[in-house]
Amino acid sequence: MLEKLFKLKEHNTSLKQEVVAGFTTFLTMAYIIFVNPMMLADAGMDHGAVFVATCLAAAIGCLIMGLLANYPIALAPGMGLNAFFTYTVVGEMGYSWETALGAVFMSGVCFLILSLVKIREWIVNSIPMSLRFGIAAGIGLFLALIGLKSAGIVVASPATLVTMGDITSFPAVMAAFGFFIIIALVHRGYKAAVIISIMTITVLGLIFGDVQYNGLMSMPPSVAPTFMKMDLSSVLEISMISVIFAFLFVDLFDTSGTLVAVAQRGGLLDENGRLPRVKRALTADSVATITGAALGTSTTTSYIESTAGVSAGGRTGLTAVVVGLLFIAALFISPLAGMVPAYATAGTLFYVAILMMSGLVNVEWDDLTEAAPVVVTCLLMPLTFSIANAIGFGFISYLVIKVMTGRFKDLNAGVLFIAVLFLIKFIYG
């Protein structure tokens with residue numbers, strides 16, 4: 001049955017190799033089990049329900065990817081998108097988390113339609129590469145600021161907007177130590193570096209009496225507080241359209257980049273350098289987002305950490321299926337997830353920021369018409385505490401700079417459409 005489903009011999013792999021790869025991928029991305037509920041709880045959502053929604057959305061996404069597309073690519077609620085959900089849509093814009101879930105649901109529906117009618121390629125190809133790098137790096141800076149804020153290392157200041165907090169406090173010291181643990185372990189090749197760091201800091205919190213022991217395993221909490229609670233009645237307001245587009249664009253970039261990166265690492269591209277069964281892979285991603293919104297979590301997307309499993313020998317969808325089954329098993333560690341303090345995940349956010357900012361090396365810094373919009377996007381994302389606004393300013397600045405410098409050949413219909421859309425949003429709110 002496994003041979004028929006996944007074509008193991010054709011991909012020169014085995015059951016043992018795929019299982020090992022699945023465990024490897026899971027260990028590198030399991031931090032989302034702890035980080036996502038904590039982040040969405042800041043939006044007013046029930047921590048236990050989001051924990052269950054996170055595990056189930058990840059499991060469903062992985063199983064669909066493995067069984068439908070037969071790729072060793074794992075999915076889970078995306079970092080950056082959960083921050084946008086909580087701190088921009090709910091926190092800054094003032095929408096309820098139910099409305100934000102509705103926007104996630106609609107972005108998933110749009111993604112599914114684009115994937116089926118092949119418009120996705122046109123949209124992705126019309127986005128300048130420099131802005132793609134800028135958006136990813138900006139999200140990294142945004143996550144870093146959230147991590148520093150949750151650890152108390154950066155605090156608000158009426159005089160300078162932000163300033164350094166008490167870096168000798170227990171949360172600040174633990175957050176910094178957790179970050180150093182991750183870097184040291186990653187440098188030594190440990191796949192589970194992030195999980196080891198989170199668990200180490202949580203145990204230290206227990207030892208020093210800052211964390212209360214609640215047990216390790218139990219039956220999963222109820223998902224009822226978030227299940228099917230999305231509000232679809234408010235998502236078609238003008239101000240929400242840009243939010244839906246922001247969810248959609250970031251997911252498009254994440255998914256496209258991840259698919260190509262993992263396929264290249266695993267030698268899964270065809271002779272023309274293209275990804276076979278790409279429509280199935282995109283369908284899996286979009287269906288996972290729709291399902292995740294219904295369950296009660298932010299956008300579910302493909303994880304670049306899947307390259308760890310591919311490096312361990314994963315070549316088929318069986319790797320993704322193993323990851324999905326492990327997320328189901330993780331449903332029973334909700335007491336452990338509830339014990340993890342915010343400062344234990346702060347180092348993780350900073351580490352993810354480093355990974356997301358690495359793409360800046362590919363920016364053409366000698367060409368100011370390309371570099372300037374990147375800097376605008378990167379800096380405005382953490383400084384405005386908004387992913388959507390920064391994307392909007394990035395596209396508008398790209399359009400204006402190219403027009404004023406006479407570089408019309410660098411523009412296309414997609415850039416013009418997106419820039420005008422955001423301009424209307426900024427003018428009319």
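Predicted model: local features only at pLDDT ≥ 70, side-chain atom pairs only at ≥ 80, totals over all residues.
Trainee: Which residues of helix 2 and helix 14 meet?

Mentor: From helix 2, Leu15, Glu18, Val19, Ala21, Gly22, Phe23, Thr25, Phe26 and Met29 take part. From helix 14, the partners are Leu318, Thr319, Val322, Val323, Leu326 and Phe327. The residues of this contact divide into 11 nonpolar, 3 polar and 1 charged.

Trainee: What makes Thr25 count as buried?

Mentor: Its relative accessibility is 1%, and buried means under 20%, so Thr25 qualifies. Thr25 lies in helix 2. Not counting residues up to four places away in sequence, Thr25 touches Ala74, Glu305, Ser306, Ala308, Gly309, Thr319 and Val323.

Trainee: Why are helix 3 and helix 16 described as roughly perpendicular?

Mentor: Helix 3 (residues 32-41) and helix 16 (residues 342-357) pack at about 110 degrees, with axes 10 Å apart. The range for roughly perpendicular is 65 to 115 degrees, so helix 3 and helix 16 fall under that term. In the contact, Phe34, Val35, Met38 and Met39 of helix 3 meet Ala342, Thr345, Thr348 and Leu349 of helix 16. These residues divide into 6 nonpolar, 2 polar and no charged.

Trainee: How do you know whether Leu40 is buried or exposed?

Mentor: Leu40 has 0% relative accessibility, which is under the 20% limit, so Leu40 counts as buried. Leu40 is found in helix 3. Leaving aside neighbours within four places in sequence, its contacts are Met45, Val50, Asn82, Phe85, Thr86, Gly296, Thr297 and Ser298.

Trainee: How do you know that the length of helix 12 agrees with its number of residues?

Mentor: Helix 12 (residues 278-295) has 18 residues, which at 1.5 Å a residue should span 26 Å; the end C-alpha atoms are 26 Å apart, so the two agree.

Trainee: What makes helix 12 mostly covered?

Mentor: Of its 18 residues, 13 are buried.

Trainee: Why is Val287 called partly exposed?

Mentor: Val287, in helix 12, has 25% relative accessibility. Buried means under 20% and exposed means over 50%, so Val287 counts as partly exposed. Apart from neighbours within four places in sequence, Val287 is in contact with Ile64 and Leu112. The C-alpha atoms of Val287 and Thr301 are separated by 9.9 Å.

Trainee: What makes the phi of Asn70 worth a remark?

Mentor: The phi of Asn70 is positive, about 55 degrees, although Asn70 is not a glycine. Asn70 is found in the loop between helix 4 (47-69) and strand 1 (75-77). With a relative accessible area of 9%, Asn70 is under the 20% limit and therefore buried.

Trainee: Which class of accessibility does Arg277 fall in, and why?

Mentor: Its relative accessible area is 31%, between the limits of 20% and 50%, so Arg277 is partly exposed. Arg277 lies in the loop between helix 11 (238-266) and helix 12. Arg277 has a positive phi of about 55 degrees although it is not a glycine.

Terms used
Residues numbered from 1 in each chain as written. Heavy atoms only, no water. Axes fitted to C-alpha atoms, helices over the stretch in contact; angles between N-to-C directions. Helix = DSSP H or I, 4+ residues; strand = E, 2+ residues; numbered from the N terminus. Parallel < 35°, antiparallel > 145°, perpendicular 65-115°, else oblique. Contact = heavy atoms within 4.5 Å. Nonpolar A, V, L, I, M, F, W, Y, C, P; charged D, E, K, R; others polar. Expected span 1.5 Å × (residues − 1). Buried < 20%, exposed > 50% of the residue type's maximum accessible area, 1.4 Å probe, protein only.
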